[in-house]
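The exercises below are meant to be worked with the sequence and the model open side by side. Try each task before reading the solution under it.

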Amino acid sequence: MSAGKSTLINALIGRKIMATKNESCTARTYEIIEDAKAKDVICDFLDKRLALKKDIATILHNENNPNLKILSNMYHLRDNSLWELIDTPGINSSVDPEHKRITHEMIQTNDFDFLLYVMNGNHLGSNDDLEHLEFVRDHVDHSKMIFIINKVDQFRKEQDSIETSVHKVVEQLKDLKFKDPKVFPLSAYAAYLFKIELLGQAIDEDEEDELSLYKRKFNRKEWDLSRFGNLPQLRLIEKENVLRQCGIANLEAELVGEGA
Ligand SMILES: Nc1nc2c(ncn2[C@@H]2O[C@H](COP(=O)(O)OP(=O)(O)OP(=O)(O)O)[C@@H](O)[C@H]2O)c(=O)[nH]1
Ligand SMILES: [Mg+2]
């Protein structure tokens, strides 16, 4: 819960489609399908179609039709397929145990190419994580697993080493019998803001401040996350280099098969 799953979905798409907040937020699964031609965000119900231009995340958050499919253009590294992303609720809401059941049910379908396991970098190694890791270990093909240490922008230089965290998580996963686990440090929120700016979308004053802070931060050698991937063939234009620095380009390269 609150590890940044919905923020990561928004970052992969380059648009605020999922609601995000610092308390239990996503209460159901949402399916978002890439549609290169869609200008607005399209909501497909079984019997009707709506085009959303603004307040998308709020409207979708309040929509409880279970047949809803969301279509949107996406801004990510290209491969030959159109993406389909599924957001899920957090598994550790004590207020709403139904969230865990919904997510477990989705995982057990095994109907996906990758499962992105988002860990909150500020609370690594929690008991909730351990329990959930054991669940995915026993129910998901390990080659589909990608682990993400999110919110590394909140690490403190003197206290937290990104290298050490990645190493510890890899070792923990190996102890849990995941073979050669793929672990990516990330700032999903910085990635989201960087894409929003690259796409020329409106941002408010607070986001503007955070954006310039993140740009300075990830431009520094110790924060630059480019080093955590192997992207020899990856061509990004100069202004997209920020996507490498905040970790999202490494993750996308893994998804499109250009990773190490
Ligand atoms: N600093 C920082 N904050 C982040 C990052 N990613 C997400 N957040 C914040 O963390 C809070 C929770 O993010 P969500 O994306 O809603 O988390 P979630 O995993 O979808 O949460 P649930 O749907 O409740 O399970 C929000 O306030 C986000 O803005 C990040 O990389 N860095
Ligand atoms: Mg969420």
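**Exercise 1.** How many bridges join E7 to strand E8 (residues 183-185), and do the two run parallel or antiparallel?

*Solution.* The model is a predicted one, in which local features need pLDDT of at least 70, side-chain atom pairs count only at pLDDT 80 or more, and totals for chains, interfaces and linings use all residues. Residues are numbered from 1 along each chain as its sequence is written, chains are lettered from A and ligands numbered from 1 in the order in which they are written, and side-chain values use heavy atoms, with hydrogens and water left out.

Begin with the count: 3 bridges join E7 to E8, and the two strands run parallel, where pairing requires that DSSP finds at least two bridges between two strands. Strands (E, at least two residues) and helices (H or I, at least four) are DSSP runs, numbered from the N terminus. Next, take one bridge as an example: isoleucine 149 has proline 185 in E8 as its partner. Finally, follow the chain, which crosses from E7 through helix H5 (residues 162-175) to E8 in a right-handed β-α-β crossover; right-handed here means that, with the strands pointing away from the viewer, the path from the first strand over the helix to the second runs clockwise.

**Exercise 2.** Describe the other pairing of E7, with E6, and the surroundings of E7.

*Solution.* E6 and E7 are joined by 6 bridges and run parallel, with leucine 116 standing opposite isoleucine 146 in E7. Between these strands the chain passes through H4, and this β-α-β crossover is also described as right-handed.

For the surroundings, apply the cut-offs of burial, in which buried means under 20% relative accessible area, exposed over 50%, and partly exposed in between (1.4 Å probe, protein chains only). Because 6 of the 6 residues of E7 (residues 145-150) are buried, the strand is largely enclosed by the rest of the structure. Met145, Phe147 and Ile149 point one way, while Ile146, Ile148 and Asn150 point the other way.

**Exercise 3.** Which residues line the largest cavity?

*Solution.* On a 1 Å grid over the protein atoms alone, a cavity is a set of points where a 1.4 Å probe fits but cannot get out, a pocket is an open set with protein on both sides within 12 Å along at least five of seven lines, and lining residues have an atom within 4 Å of a point. The lining of the largest cavity consists of Ser6, Ile17, Met18, Ala19, Thr26, Tyr30, Ala57, Leu60, His61 and Asp87. Helix H2 (residues 56-61) gives the most to this lining, with 3 residues.
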